[in-house]
Amino acid sequence: MPLRDLYAHPCGDPGGGGVSAPVLSRRGFIAATALAGGGLMFDLRIASAQAAGGVLNAFVRIAPDNRVTIGAKNAEVGQGAKTMLPMLIAEELDIDWAQVTIEQTHADAAIFGPQSAGGSRTTPREWLPSRRAGAAARAMLVAAAAKRWGVEPATLTTRSGRVLGPGGRSLTYAALAADAAAMPAPELEKVALKDSATFRIIGQSIRGVDTPAIVAGKPLYGIDVSLPDMLHAVFVTCPAFGGTMKSANLDAVRALPGVAHVVPIKGDGAPESLVDGVAILSKSWWTANKARDALEIEWDDAAARAFSSETLAEGAKAKLAGKGEAEVLRSGDPDAAFAAAAKTVEAQYHYPFLAHATLEPQNCTARFADGKVEIWAPTQNPEAGRTAVAKALGIEPAAIRINLTRIGGGFGRRLMNDYMVQAAAIAKAVPGTPVKLIYTREDDTRRDFYRPAGWHRFRAAIDGQGRLTALHDHFVTPGTGGKAVRAGDASASEFPAGLGPAILYEQSLIPTNMPTGWLRAPGSNGVAYAFQGFLDEVALAGGRDLPTLMLELLDGATELARGPNQPPFKTARARGVIEKAVAMSSWADRARLPKGEGKGFAFYYSHMGYFAEVVHVAMAEGMPVVRAVWAAGDVGSHIINPLNAVHQVQGSIIDGLGQALVGQAITQVDGAVEQASFDTHPLPRITDAPPRIEVAFVTSEDPPTGMGEPALPPLIPALANAIFAATGRRVRSLPIRPEMFA
Amino acid sequence: MAISLQVNGRAHRVEADPDKPLLWVLREELGLLGTKFGCGAGLCGACTVHLDGVAARSCQTPVGEVGRAAVTTIEGVAATALGQRVGAAWIDADVPQCGYCQAGQIMSAVALLRETPKPDDAAIDAGMAGNLCRCATYTRIRAAIRAAAA
Ligand code: FES
Ligand code: FES
């Protein structure tokens, strides 16, 4: 399975705009400063174990009352990072969670290191550096106590923010603050970490740090930013992607009551930076938005309007029938395997473009003054935003300050920073005045970076014993000039590559003007459905079930190497979750289910996480209803925050059900997206949530990896395979429509 | 036009277009930012408030039509014992993920429990079906409502 997370593009944008992570000392450093009033601040900069040249910084501040403030450097998007990263520091600092206050830091790669929240990368990237940060601070406090008591540091222990010494002596961290600041900083790579058997915070279920503030309705989100004399803005762009502005009735709109400014914006045409448009500014966002009814823009969009879903699908089908334009992988001798096959299976699979539909619409606040910009942004990828704003406005990156807000859902949408560039460009037109840009829901749906649609034509060769001997996939994906669009490329490591069967993976491209991007489990979310759906067909054609076929294939190797910075795929870990899911779902008893019910299985490895899932469906009123889902995951040696880990899995499962069952598909007519809001691009509702979701974790020896994504990909094929078991009908195209069962 | 409003037990006078949705009056005129904008079309429930204790979509409620109805928002819902119980259940179950929908969810849950103090599973789903949660926290929304009803 591919590990096409964002590793290859650490800043989230392969086209440039990288986080230029400064190379500090390779070992990083720790500096401690005594604060006025007796506190202590540790400035911890640590060479990241996995992001070459990257640094992690966390500010740890110990107040005179022994309360500890920990800086959370990654934006909270619902993935739990704002709670989880400080847990790692607090664990090794050996303080009680009740002592901790968490502060969101601003964005600054030079100080904080990588701050992107995407690709489920935060956990693997920070597991060691964050803990070392806490351990180094603890070591300095211990050294200070040892000196004061005239004993060896090794004779001292710590507990709950105190250093404990012989004869019952003890001092709070706060009491040692001034001395600790003068201690030499330990070498971070060598600082001793706790034996994991003694963890007191890692592995505990800890509630989200902002949960009480959310429940109280506190203003935490980008959309809640309020500044004195702030204006609100809407930004109107060409409905057909790629259109440019010819003219607009700006003065007519300027004359409307309540409209403060109408600003034409000339962009560079790139959706990820700045497209042409008109901003309407008012003291009230509602007034600004109402004024757009009077706005008439003439677009130069003839070329853009030539694109539609219909022509795209026709083009894709024509390509699918032919030979692939490029070979992504040829291993073994697929031609010979097909020639020798006892049986072959063929099928085509398709999935549509999808929008992210974060519940908080894209928004950003910016103030431009004296050649500098201050930004308040709900962004998953602040440094890429800084680069894009600097380029679009022609200013130095250092002239941009980015404050991070809580984020009302990301799912990869906010790895792009188009709204940030737009807000900054609009603010530049009204120097000194803060401007808050908010997309309408319709803007948000129609100006996304969509999960690319895909088409697959599969062939499989099966031998006399029912074993898979060759797999051929011809994948048609949007792209031009030999390059697939963002999040649209095929992977040479797609399962079961490297595990025995001969493989031919081909790719062909079809042009689109749709901006595309990373949606939760990018590169895997659609592909997993196609591959695991087809492999279910292959398994049954060979007289076995999919778990059996998967386990057979996994016998083909113990480890498969992946790209740089990526751990190998370990077949034992895959086996572990498959066996767990089979056991917990009573898979073996599924023949006893009543008619019209069925269970389906799928496994997928993505974003370094191994997940096997079983879905139980029953047909009701002509549509499949999900009765239960079982998920078994292996994300390494520790589940850092079990409460949040389960939440991520539950959310991924219902998200996947939504993608398949409630009618999500983004389509295009005349170059523009047809869907506009939750009526035409629906999200799953509580009534779509299964009554039962069981989650189990299998732990392994490898370091912990992220939870935001890997539980999603296997869900859709498990559902599709369950529908086949229940009805005998194959789901070879998404979304699943009631007509399919008519 | 000058409009009088009762919000969270306090009297306010605002200068606003009577067509302006209550949502934007709360957010822009009264600085009550807890009520959220999700769609502006009555489809997501993020903007849910109470009018005389009954759940209403503030994005679909012109401020000129609020009249003398008592408006309760997420900032004021904990003033009642029921509101407090629901909030506590929400924290206990750690319902939020991104949290953006949760003000609306809590307002709908309180309205549901006021109407139906012991809802069964079907009544919970029916009562909450108008509130979207993109993070899909539905499992815990159900659990928190059951806990608050107990
Ligand atoms: S914002 Fe009112 S229902 Fe969505
Ligand atoms: S918690 Fe994110 S939308 Fe509900």
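This is a predicted model: local features need pLDDT of at least 70, side-chain atom pairs count only at pLDDT 80 or more; totals for chains, interfaces and linings use all residues.
Author: Residues are numbered from 1 along each chain as its sequence is written, chains are lettered from A and ligands numbered from 1 in the order in which they are written, and side-chain values use heavy atoms, with hydrogens and water left out.

Reader: How much area do chain A and chain B bury between them, and what is meant by buried area?

Author: About 4200 Å², with 62% of it on carbon and sulfur atoms. Buried area is the accessible area (1.4 Å probe) that two parts lose on being put together, summed over both. In chain A, Trp286(A), Leu359(A) and Ile686(A) lose the most area to chain B, together 19% of what that side buries.

Reader: Why is the pair Asp224(A) and Lys36(B) called a salt bridge?

Author: The term requires a side-chain nitrogen of Lys or Arg within 4 Å of a carboxyl oxygen of Asp or Glu. The closest N and O atoms of Asp224(A) and Lys36(B) are 3.0 Å apart, so the pair qualifies.

Reader: Is Met608(A) buried or exposed, and how do you know?

Author: Buried means under 20% relative accessible area, exposed over 50%, and partly exposed in between (1.4 Å probe, protein chains only). Met608(A) has 3% relative accessibility, so Met608(A) is buried. Its phi is positive, about 70°, although Met608(A) is not a glycine.

Reader: What is the class of Asn565(A) by the same cut-offs?

Author: Asn565(A) has a relative accessible area of 45%, which lies between 20% and 50%, so Asn565(A) is partly exposed. Asn565(A) also has a positive phi of about 70° without being a glycine.

Reader: Why point out these phi values?

Author: Because most residues other than glycine have a negative phi, and most peptide bonds are trans. Another cis peptide bond joins Leu734(A) and Pro735(A), with omega about -5°.
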